[in-house]
Amino acid sequence: MSTPETVTEATGPTLDGPVVTIDSGQVRGIWRESSAAFLGIPFAEAPVGALRFEAPVPVAPWDGVREATELGATPQRKQLAEITLIPEPSIPGDSTLNVNVYTPAPGRPDAGLPVLVYIHGGGYTAGSPASPWYDGRSFNRDGVVTVSISYRLGFDGFGYIEGAPSNRGVRDWLLALDWVQRNVAAFGGDPARVTLAGQSAGGGAVLTLLGLPSAQHLFRSVWCLSGAVGDVTEARAKTFADTLARLAGVEATRDGFASLPETRVLELQDAASNPDGLDPMAGVAAMLQDGLPWGPMIDGDLITRPTLESLRAGIGGDKPLVLGATDDEFTMATDAAKKKLRFLPPSLVLGKLLADRSRRGAYLAANRAQRRKGTAAVLGRFMTDSMFRAPIVRVAEARAGHPTWVYRFSWASPRLGWAAHCLDVPFWFDCLDAEKVDLIAGDHPPQALADELHGAAVALAREGAPGWRAWSDAPGATRVFGGDASAPAVLPDGYAEVRALV
């Protein structure tokens with residue numbers, strides 16, 4: 001377990017919450033033993049009515065003390081619980097652009113503690129910052145102020161609309177991070193020591209921000225968990241928007257989309273991204289080739305080129321980056337087809353996803369251990385590698401010479417049978433006793449593993465390095481969390497299995 005920076009423990013009756021003054025007014029939080037939580041603080045005006053498809057507008061100041069004792073409304077109106085496995089409640093209301101701040105030093109601008117800002121995942125269409133897993137309690141214990149932020153999702157956040165600002169969800173991230181710069185000192189944080197972190201789509205978000213020139217002043221370092229980069233082309237985004245408009249029976253204009261209630265958009269946005277009704281395997285192939293349908297768009301304005309190109313050009317090169325993934329993000333999903341696939345050779349199944357025979361052969365040769373687990377396991381690993389693990393190598397290689405650390409999360413859940421998507425999150429937050437962790441990690445998840453992974457996250461926030469040999473110093477160097485106890489903790493080429501896909 002990490003040793004916290006020096007923090008004077010908060011004292012006082014729990015019913016009398018701390019009051020902090022920020023640039024828009026005063027907010028009252030709640031004491032929780034030795035730290036405080038300030039929940040649902042708006043950083044922007046409610047994105048409804050005339051502001052629905054606008055860039056976020058900073059929240060207007062208020063008089064008196066605003067209660068920040070309950071989680072705020074969330075942009076999420078649908079959930080991907082069957083995929084994400086993370087409890088992320090949807091909270092009704094209009095004021096959906098808000099932050100939650102967890103701090104051991106409220107009202108102490110002299111504390112100068114490191115700050116962690118977390119961006120949730122959910123495929124850019126779901127998820128919310130209201131998960132009990134994202135509570136910053138353990139980071140507070142270790143002397144790190146923690147902030148979780150919300151952003152507009154799906155079509156409202158990322159859809160192409162002629163005449164409306166593009167990348168509205170990205171602009172929400174930027175305004176939230178600007179809010180942190182302006183206000184985190186009031187909660188005991190140092191705005192010059194901000195670490196960005198996110199998982200899945202949130203991991204893609206922090207990579208997008210790392211490669212965004214206009215965001216460089218907003219953070220010092222980045223931790224990316226299972227990042228799914230957006231990089232949707234403008235042409236592809238326009239096709240999705242035109243399809244959604246056609247399905248809704250409206251013009252593909254701002255007025256046309258504004259006439260649709262949010263519930264109708266939610267009904268249609270999935271259909272708009274798969275208008276041909278592709279069979280599951282074809283749908284998987286399309287996703288692996290083109291990426292997620294909704295997400296940050298290369299608009300030529302805010303985002304001028306793909307994230308990987310920006311990183312190769314040195315954008316964000318001065319900022320320490322840690323990135324990794326679980327070993328089998330998607331294998332749990334392909335388990336459902338285990339019986340159906342058991343008599344099909346892996347080469348035949350992968351032939352529909354990887355047409356190049358020599359690359360396919362090289363990939364299968366490098367994954368002999370996985371082949372022994374069956375064709376469904378190979379398919380799940382291939383999907384994992386295509387979407388998450390091969391991009392890790394690409395990013396690490398793009399940042400040659402810049403401080404970059406790579407890891408794998410290899411502990412297989414006794415409940416799920418795999419090191420599955422989202423399994424690493426409660427270990428990273430060190431919240432193994434939180435609601436529904438047992439459903440993904442079993443009844444007795446190893447606390448020692450949480451100590452190691454969470455401790456590395458704290459080390460990055462505090463010191464700018466997670467504590468193992470950097471890939472940028474020794475290409476291939478990979479820290480393995482939860483792997484074979486008899487194997488080295490740092491492998492010389494921990495992602496050798498994906499080389500054929502890079």
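Student: Why are helix 4 and helix 5 called roughly perpendicular to each other?
Tutor: In this predicted model, the axes of helix 4 (residues 168–183) and helix 5 cross at roughly 75° and come within 11 Å. Angles of 65 to 115 degrees count as roughly perpendicular, and helix 4 and helix 5 are therefore given that description.

Student: Which residues make the contact between helix 4 and helix 5?
Tutor: Helix 4 contributes Trp-173, Leu-174 and Leu-177, while helix 5 contributes Ala-205, Thr-208 and Leu-209. Sorted by class, this contact of helix 4 with helix 5 has five nonpolar residues, one polar residue and no charged ones.

Student: Why are helix 6 and helix 8 called oblique to each other?
Tutor: Helix 6 (residues 234–248) and helix 8 (residues 262–273) have axes 9 Å apart and pack at an angle of about 125°. Roughly perpendicular ends at 115 degrees and roughly antiparallel requires an angle over 145, so an angle between those limits counts as oblique, and helix 6 and helix 8 are therefore oblique to each other. The crossing in which helix 6 passes helix 8 is right-handed.

Student: What makes up the contact of helix 6 with helix 8, by class?
Tutor: On the side of helix 6 there are Phe-240, Thr-243, Leu-244, Leu-247 and Ala-248, and these meet residues of helix 8 including Arg-264, Val-265, Leu-268 and Gln-269. By class, the contact has eight nonpolar, three polar and one charged residues.

Student: What makes strand 1 and strand 5 edge strands?
Tutor: The sheet in question is open, with three strands in the order 1-2-5 and mixed pairing. Strand 1 (19–22) and strand 5 (65–67) each pair on one side only, and this is what marks them as edge strands.

Student: How do you know that strand 2 and strand 5 pair?
Tutor: Pairing requires at least two bridges, and three bridges join strand 2 (residues 25–28) to strand 5, with the two strands running parallel. Arg-28, for instance, stands opposite Glu-67 in strand 5.

Student: Why do strand 3 and strand 16 stand at the edges?
Tutor: Eleven strands form an open sheet of mixed pairing, in the order 3-4-6-8-7-9-10-13-14-15-16. Strand 3 (30–32) and strand 16 (490–491) have a single partner strand each, so one side of each is left without a neighbour in the sheet.

Student: How many bridges join strand 7 to strand 8?
Tutor: Five bridges join strand 7 (residues 113–119) to strand 8 (residues 145–149), and these strands run parallel; at least two are needed for a pair. Ile-119 has Ile-149 in strand 8 as its bridge partner.

Student: Where does pLDDT stay under 50?
Tutor: It stays under 50 over residues 1–14, for which the model has 33 contacts beyond four places in sequence. Where pLDDT is low, the predicted coordinates should not be read in detail. For the chain, pLDDT averages 93, and 93% of the residues score at least 70.

Definitions and conventions. Residues are numbered from 1 along each chain as its sequence is written. This is a predicted model: local features need pLDDT of at least 70, side-chain atom pairs count only at pLDDT 80 or more; totals for chains, interfaces and linings use all residues. Side-chain values use heavy atoms; hydrogens and water are left out. pLDDT is the predictor's confidence in each residue, from 0 to 100. Contact means heavy atoms within 4.5 Å. Axes are lines fitted to C-alpha atoms, for helices over the stretch in contact, and angles run from 0 to 180 degrees between N-to-C directions. Helices (H or I, at least four residues) and strands (E, at least two) are DSSP runs, numbered from the N terminus. Angles under 35 degrees count as roughly parallel, over 145 as roughly antiparallel, 65 to 115 as roughly perpendicular and the rest as oblique. A crossing is left-handed if the near helix is turned anticlockwise from the far one by less than a right angle, and right-handed if clockwise. Ala, Val, Leu, Ile, Met, Phe, Trp, Tyr, Cys and Pro count as nonpolar, Asp, Glu, Lys and Arg as charged, and the others, Gly among them, as polar.
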